[in-house]
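Please look through the sequence and the structure shown here before reading on. The report that follows takes up the contacts between two chains and then turns to two individual residues.

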Amino acid sequence: MMTKSMRNGLGLALGLLVAGAALAAGADLGQTTKQATNWVAIGMFGAFVTITLFITKWAAARTKSAADFYTAGGGITGFQNGLAIAGDYMSAASFLGISGLVFASGFDGLIFSIGWLVGWPVITFLMAERLRNLGKFTFADVAAYRFAQTPTRIFAACGSLVVVAFYMIAQMVGAGQLIKVLFGLEYQYAVMIVGVLMMMYVLFGGMTATTWVQIIKAIMLLTGATFMALAVLFQFGFNPEALFTKAVEIHSKHDAIMSPGALIKDPVSAISVGMALMFGTAGLPHILMRFFTVPSAKEARKSVGWATTWIGYFYILTFIIGFGAVVLLTQDPAAYYVDGDLAKGLKGGGNMAAIHLANAVGGNVFLGFISAVAFATILAVVSGLTLSGASAVSHDLYATVFMKGQADSDHELRVSKITTVCLGIVAVFLGIAFEKENVAYMVMLAFAIACSANFPVLFMSVLWKDCTTKGAVAGGFVGLISSLTLTVLSASVWEAVLKNPKGSALFPYSSPALFSMTAAFLTIYLVSKMDNSKQAQLERSLYPAQKVRSETGFGAASASGH
Amino acid sequence: MKDEMKGDIAARIAANPKYEKFVSLRSRYSIIMTILVMCVYYGYILLIAFNKEWLGTKLGAGMTTSIGIPMGVGVIVITIILTNIYVRRANTEFDELSAEIVKEANQ
């Protein structure tokens with residue numbers, strides 16, 4: 001049952017959305033209340049865990065070298081990798097958050113999902129094959145290809161770890177809240193279970209196990225969501241107009257759900273948030289890392305083609321699911337609404353729309369299935385994050401900076417595993433520490449940093465011949481620090497988290513990306529132009545060879561290590 | 001392959017006039033596609049920012065569905081289609097061109 005604090009939490013999250021202060025508030029599952037233990041859901045989830053642990057055992061036998069650990073030996077096909085990328089990217093928050101947003105305000109949910117998709121063509125057109133051709137294990141391999149290793153790697157590791165940390169906290173807190181409500185487990189235990197399972201996948205099975213967890217989860221999520229959307233459309237003779245008409249009739253906002261609401265406030269925020277999503281996707285370390293698991297640039301392109309297709313298809317489904325929830329849940333208010341009263345909102349909070357709809361169209365067994373899918377989704381995302389965090393430490397910091405590239409594969413692998421355990425413990429600790437905090441801004445912040453720090457450095461180092469180490473590192477840090485600072489000064493942190501009075505935020509827009517990304521590019525340009533050191537001249541002279549490799553794939557790392 | 005030989009071949013690739021032509025052809029194509037996607041996306045977002053009413057207009061008399069909904073779904077579909085068009089062309093035409101250039105340098 002909905003407590004007062006929970007309603008406040010939800011109201012806060014919704015308030016943020018309406019203010020347009022955090023487009024990513026959909027990534028926040030808000031405060032939830034513990035529900036009765038759901039044994040069907042636990043059984044289904046148990047089956048998922050059993051299967052994935054068997055896969056991990058099989059993967060462990062194949063994970064012998066550092067290359068196996070980071071890239072599954074480079075033997076994943078484009079189609080498999082496309083599904084794994086989709087599994088890595090479609091978080092529980094986007095499934096439950098977007099369908100919940102559609103349920104609450106209709107049209108705005110659509111704007112939201114479009115934003116999360118547009119980064120993919122950018123990766124496809126500009127980055128995918130160049131990344132695959134230049135890289136080996138991490139995106140730092142690409143950025144540092146012709147640059148001084150130590151400074152570039154230190155920057156790349158900072159960029160990766162900061163993005164991973166914010167993304168991870170949001171996922172862990174979401175996981176705890178979600179599992180509390182779905183399975184009736186205590187928050188702390190839920191977070192610990194997630195931490196332990198993700199550590200086991202990554203520690204023993206490395207990239208191979210992580211990839212398969214992501215593939216299985218993507219298939220489960222796509223199947224479940226397809227079934228729900230079809231079940232909804234079936235009731236309306238597959239005529240969306242009939243579905244919308246009924247929804248407008250029932251929804252408390254009536255016809256307003258058919259047009260854009262308050263999600264987009266001012267044009268500057270709209271553009272800035274759009275840039276964060278569009279270019280941030282191309283700077284997420286756990287996504288970039290997936291490009292090194294395929295054997296060639298051809299397969300890398302196929303991966304993004306499939307990933308874009310699945311993710312776009314999934315977002316169309318969430319839109320139908322949200323509208324389906326508006327119509328179908330009102331047919332049995334006692335089962336889904338607090339005290340059976342439509343005005344009091346859904347049991348368990350606004351993000352439960354898709355979960356309740358699962359019950360409405362498929363009964364308790366399907367509800368259990370969708371709950372298990374939501375749990376699996378979180379595991380798949382946090383495993384990918386942990387793996388990329390571990391690689392940044394072991395490959396970029398330990399093997400390249402600390403050992404100057406002299407570390408042998410066994411040592412590097414051992415460091416990755418130790419880091420995995422440390423990251424798992426830190427993630428659980430942070431998840432528990434942030435339980436009662438508002439984490440709505442964190443995913444958006446991760447995107448802002450990815451697009452202001454990682455993306456400009458990657459883009460300029462690969463595509464601009466005059467770029468130098470000094471320029472790239474200075475610009476990268478400018479992007480990192482400015483995006484972080486401006487986010488703290490914006491309403492979503494300054495007012496919502498630090499509890500300063502409303503209207504006191506110094507930075508008035510929803511995302512810093514427009515400013516921080518521009519600052520990063522400018523700094524890279526100016527510092528590189530002014531840099532005429534010997535090292536800079538050497539780096540420029542190495543560009544033609546780098547370009548041959550990035551454009552034609554000549555000399556690219558083959559299915560690594562074997 | 002030794003590094004020197006690799007460098008040799010790489011230099012020959014770079015010297016081939018076909019290489020420059022190929023790189024600029026593909027770069028132009030990927031930049032045009034990027035601009036196309038940005039126009040579609042930012043066009044839609046700016047439409048929302050500046051003209052919410054128009055997006056809320058009904059598709060036809062007596063209908064509930066507003067113009068903005070098929071447009072929004074259209075943006076998703078166009079994104080998927082453009083991405084796959086690029087992947088198809090890059091994986092056939094461009095890959096053949098690039099393989100040919102590498103082969104010529106190896107002779």
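Across the interface of chain A and chain B of this predicted model, 15 residue pairs are in polar contact, both residues being at pLDDT 80 or more; a polar contact is a pair of N or O atoms within 3.5 Å, where, within protein, one must be able to donate a hydrogen and the other to accept it, and residues adjacent in sequence count only if both atoms are side-chain atoms. The elements that give two or more residues to the side of chain A that touches chain B include helix H6 (107-117), helix H7 (119-134) and H14 of chain A, and the largest share, twelve residues, comes from H14(A). By class, this side of chain A has 27 nonpolar, twelve polar and nine charged residues, where Ala, Val, Leu, Ile, Met, Phe, Trp, Tyr, Cys and Pro count as nonpolar, Asp, Glu, Lys and Arg as charged, and the others, Gly among them, as polar.

The rule also finds six salt bridges across this interface, a salt bridge being a side-chain nitrogen of Lys or Arg within 4 Å of a carboxyl oxygen of Asp or Glu. One of them joins Asp95(B) to Arg301(A), with the closest N and O atoms 3.1 Å apart.

Chain A and chain B bury about 4,500 Å² between them, 72% of it on carbon and sulfur atoms; buried area is the accessible area (1.4 Å probe) that two parts lose on being put together, summed over both. In chain A, Phe125(A), Arg301(A) and Phe554(A) lose the most area to chain B, together 16% of what that side buries.

| Residue | Relative accessible area | Class |
|---|---|---|
| Ile179(A) | 1% | buried |
| Thr330(A) | 16% | buried |

Ile179(A) is part of helix H9 (residues 149-183) of chain A. Leaving aside residues up to four places away in sequence, Ile179(A) touches Gly184(A), Leu185(A), Ala190(A), Val194(A) and Phe375(A), contact meaning heavy atoms within 4.5 Å. Ile179(A) and Phe375(A) are 196 residues apart in sequence, yet 7.0 Å apart in space, C-alpha to C-alpha.

Thr330(A) lies in the loop between helix H14 (297-329) and helix H15 (333-336) of chain A, and a polar atom of its side chain is 3.4 Å from the backbone oxygen of Val326(A). 

Helices (H or I, at least four residues) and strands (E, at least two) are DSSP runs, numbered from the N terminus. Residues are numbered from 1 along each chain as its sequence is written, chains are lettered from A and ligands numbered from 1 in the order in which they are written. Local features need pLDDT of at least 70, side-chain atom pairs count only at pLDDT 80 or more, and totals for chains, interfaces and linings use all residues, while side-chain values use heavy atoms, with hydrogens and water left out.

Definitions and conventions. Buried < 20%, exposed > 50% of the residue type's maximum accessible area, 1.4 Å probe, protein only.
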